[in-house]
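Subject: Structure handover

Hello,

Here is the structure for you to look through. My notes follow below it.

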Amino acid sequence: MSIRVEGLSKKFAGHVAVERASIEVGTGKLVALLGPSGSGKTTLLRLIAGLEFPDAGRVFFHGEEVTEKSAYERRAGFVFQHYALFQHLSVFDNVAFGLEVRPCATRPPKAEIRERVHCLLKLVQLEAFAKRFPSQLSGGQRQRVALARALAIEPRVLLLDEPFGALDAKVRKELRAWIRRFHDETHNTSLFVTHDQEEAFEVADEVVILNHGHIQQIGAPGLIQREPANAFVQDFLGLDFQI
Amino acid sequence: MAGAIQDLTTARHATPPRRATEEGPLIRWTLIVLSVGFFAAFLLLPLVAVFAEGFRRGAGLYFKTFADPVTLDAIKLTLVTAAIAVPSNTIFGVAAAWAITRFEFRGKQFFSTLIELPLWVSPVIGGLVYVLLFGSQGVLGPWLQAHHWKIIYATPGIVIATVFVTFPFVARGLIPLMEAQGVAEEEAALTLGARGWQVFLRVTLPKIKWGLLYGVILANARAMGEFGAVSVVSGHIRGLTNTVPLQIEILYNEYSFAAAFALASLLSLLALVTLGVKTYVEWRARQQLEQSQR
């Protein structure tokens, strides 16, 4: 399982969001898309998920081209910045959603859905919250429901948009360590967006640095810190460290 | 000493806390008396009068009104009209709200402004336009006559005029709601493998449920109560093209006051029930919106 992106470009009303971006995420790797706000990282993630369609370039999952496929055909698990949980459904039904909407032929029987949802809720440590509604949960709990919901469809790749963005500093730190451990256990090919370099360098196997829609550097956290590719990367990292 | 302080604080709490925007007692009471008095004189009094007048000659005559076959036909026609106009405008309203809040297209602003046209224009014009279109002297008149289709002075015309006046209600209620709710949940459903119609049925519809119901109730009240537009296209044929509001006018003009007011009380009752249901639905819709923004 892997994500490959070749020369992806996207403009919004004449404004360049992503320009000829090419990246590769190896099977089972956890990669961070890092950049200042407005650098095009969320757009790139949405292009990969099929929530936006590129003006040029191609997207491959596991060697299969998915560029023209719609979001529901791609089977990419997506965790939204503000979780986008279904407010009218319980935690259980949120997680079960992806299984319930499958066509009859591939939909698991009720009992199996129940079992799989409980298994996932256990995995994200929310077993006791199955009957609650999203509005009754804390930010960190919602985040984990969103993760369980995305994993329920057994996604080919996992995409996370600012997964810790809306949480307070303490929960953020805890969840960061947790998600790294979680990834080591589940080995989903994952790509996550962040504007926080500490987060990117601490959690990811590899970091992709973006600015103004252009990829500036791709590499392991240690490598980027030792050998920044250009002035922007140096500046972006350096400025942050001074603060 | 301590007791005195406590007395002072309880005394202060006995009257509601004074706010900076609050005026002196004279202005305050003038405004309250003026608005409540106005309400009583222009809204409450007529409502009471309608029921009082309807029952003046006794409950027997009141209920006899509803046994009259012509009146029953009017009630039936009103129900049929609402049963066609309200669902049509519900479908149109959802489609329009969807298009306006979810897609970008040329003339979108123009379209969303124009949806409200029936609220601004006099209903008489709404009726006249259709007479000009479908009437025997109208643009499509000869063609309709050749095919033996009757629209004006018949049920189809009444339905069309009612659709015109109730056109904006559902869409107008949904557009701000759907704009505020955004598309994040729909996108989430898509990434989870839901197809378009599944997204609509399982995510969008539950989200807009109360807002939709609100629009439907208002549209229904207007559909059943419409007078002007329907009056123009109806032709006032007794037992055939008279709706409840038109029948009330006829009864009144014939000096059947008790019957007119009895039938009017039926419409007033509808208004009161609508108001009650509307208040509840409005409250639920607001709750739903707050929940989605939390």
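Why does B:Trp98 count as partly exposed? B:Trp98 has 17 C-beta neighbours inside 10 Å, so the label is partly exposed. The cut-offs are these: a residue is buried if 20 or more other C-beta atoms lie within 10 Å of its own, exposed if 12 or fewer, and partly exposed in between, with C-beta atoms placed from the backbone.

Some ground rules. This is a predicted model, in which local features need pLDDT of at least 70, side-chain atom pairs count only at pLDDT 80 or more, and totals for chains, interfaces and linings use all residues. Residues are numbered from 1 along each chain as its sequence is written, while chains are lettered from A and ligands numbered from 1 in the order in which they are written.

B:Trp98 belongs to helix H4 (residues 69-102) of chain B. Helices (H or I, at least four residues) and strands (E, at least two) are DSSP runs, numbered from the N terminus.

H4(B) packs with helix H10 (residues 168-181) of chain B: their axes come within 8 Å and cross at roughly 35 degrees. Axes are lines fitted to C-alpha atoms, for helices over the stretch in contact, and angles run from 0 to 180 degrees between N-to-C directions. The crossing is right-handed, meaning that the near helix is turned clockwise from the far one by less than a right angle. On the H4(B) side, the contact includes B:Gly93, B:Val94 and B:Ala97. On the H10(B) side, B:Leu174 and B:Met178 are among the residues involved. Contact here means C-beta atoms, placed from the backbone, within 7 Å. By class, this contact has 10 nonpolar, four polar and one charged residues. Ala, Val, Leu, Ile, Met, Phe, Trp, Tyr, Cys and Pro count as nonpolar, Asp, Glu, Lys and Arg as charged, and the others, Gly among them, as polar.

Further along chain B is helix H14 (residues 244-253). Its buried residues include B:Val244, B:Leu246 and B:Leu251. B:Tyr255 follows H14(B), with a positive phi near 65 degrees.

The cores

The largest nonpolar core has 77 residues. Such a core is a set of buried Ala, Val, Leu, Ile, Met, Phe, Trp, Tyr and Cys residues joined through C-beta atoms within 7 Å. A:Ala32, A:Leu33, A:Ile48, A:Leu159 and A:Leu191 have the most contacts inside it. Helix H5 (residues 139-152) of chain A gives the most to this core, seven residues. Another core, of 60 residues, lies apart from it and includes B:Val86, B:Ile151, B:Tyr214 and B:Leu218.

Beyond four places in sequence, A:Leu33 touches residues including A:Leu44, A:Leu191, A:Val208 and A:Leu210.

The sheet in chain A

Six strands form an open sheet with mixed pairing, in the order E6-E7-E8-E3-E9-E10 (chain A). Strands pair if DSSP finds at least two bridges between them. Strand E6 (76-79) and strand E10 (214-219) of chain A are the edges, each pairing on one side only. Strand E3 (residues 30-34) and strand E9 (residues 206-211) of chain A run parallel, joined by four bridges. A:Leu34 has A:Ile209 as its bridge partner in E9(A). H5(A) lies across E6 and strand E7 (157-161) of chain A, at about 170 degrees to E6(A).

Residues to check in chain A

Most residues other than glycine have a negative phi. Two exceptions follow.

- A:Arg20 has a positive phi near 40 degrees. A:Arg20 lies in strand E2 (residues 15-25) of chain A. With 13 C-beta neighbours inside 10 Å, A:Arg20 counts as partly exposed.
- A:Tyr83 has a positive phi near 70 degrees. A:Tyr83 sits in the loop between E6 and helix H3 (91-100) of chain A. A:Tyr83 counts as buried because it has 23 C-beta neighbours inside 10 Å.

A:Glu65 is in strand E5 (residues 64-65) of chain A. With 12 C-beta neighbours inside 10 Å, A:Glu65 counts as exposed. Its C-alpha atom is 9.0 Å from that of A:Arg4, 61 residues away along the chain.

Best wishes

Notes: Contact = placed C-beta atoms within 7 Å.
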